[in-house]
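Here is a short report to read alongside the sequence and the 3D view. Take a moment to open both, and let's walk through the structure together.

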Amino acid sequence: MDAKGLKALTPGFDWDVYLGAAGLSRLNVFNVTEPEFFKELDRQWQSLSLADIKTYLRWHAAHASAPLLSSAFVNEDFDFFGRALYGIPELKPRWKRCVALVDAQLGEALGEEFVNRAFSRR
């Protein structure tokens, strides 16, 4: 979909300002597979107060950052998502969480290094 079509789906959102701030002002083609999502998003933007939207975004920022913050954030986030929603009885030890994070962030690079070391021609 072109920018004009996207803007028609979400007249309450200023895509020009958003894309400019993201350094993507020349972008004009968008993969919009679910136009109904954008129509509903526009309805939400117009019906919610700015304070509600800010609270929602702060909560998501805190949740996304929780594993990287102090133990209080880690524990609260786990209590809700791990324990309450998923039924996980206890948080994995910090060292296991650290190994999982490194693997998730550097898995390909670590795999490449392993292959170079394990299968190098010497």
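## Around Thr10

Leaving aside residues up to four places away in sequence, Thr10 is in contact with Trp15, Phe38, Asp42 and Trp45. This threonine sits in the loop that runs between helix 1 and helix 2. Is Thr10 buried or exposed? Its relative accessibility is 0%, and the cut-off for buried is under 20%, so Thr10 counts as buried.

The side chain of Thr10 also makes a polar contact of 2.5 Å with the side chain of Trp15.

## Trp15 and its neighbours

Let's turn to the partner in that pair. Again not counting residues up to four places away in sequence, Trp15 touches Leu6, Lys7, Thr10 and Phe38.

## The largest nonpolar core

Trp15 belongs to the largest nonpolar core, together with Ala3, Leu6, Leu9, Leu19, Phe30, Val32 and Phe38, which gives eight residues in all. Helix 1 (3–9) and helix 2 are the elements that supply two or more residues to this core. Helix 1 provides the largest share, with three residues.

As general background, nonpolar side chains tend to be buried together in soluble globular proteins.

## How confident is the model?

Please keep in mind that this is a predicted model. The protein chain has an average pLDDT of 93, and 99% of the residues score at least 70. Where in the chain is confidence lowest, and where is it highest? The lowest mean, 89, belongs to helix 6 (residues 94–118), while helix 2 (residues 15–21) has the highest, at 96.

Methods:
Residues numbered from 1 in each chain as written. Predicted model: local features only at pLDDT ≥ 70, side-chain atom pairs only at ≥ 80, totals over all residues. Heavy atoms only, no water. pLDDT = per-residue confidence, 0-100. Helix = DSSP H or I, 4+ residues; strand = E, 2+ residues; numbered from the N terminus. Core = buried A, V, L, I, M, F, W, Y, C linked by side-chain atoms within 4.5 Å. Buried < 20%, exposed > 50% of the residue type's maximum accessible area, 1.4 Å probe, protein only. Contact = heavy atoms within 4.5 Å. Polar contact = N/O pair within 3.5 Å; in protein donor to acceptor, adjacent residues only side chain to side chain.
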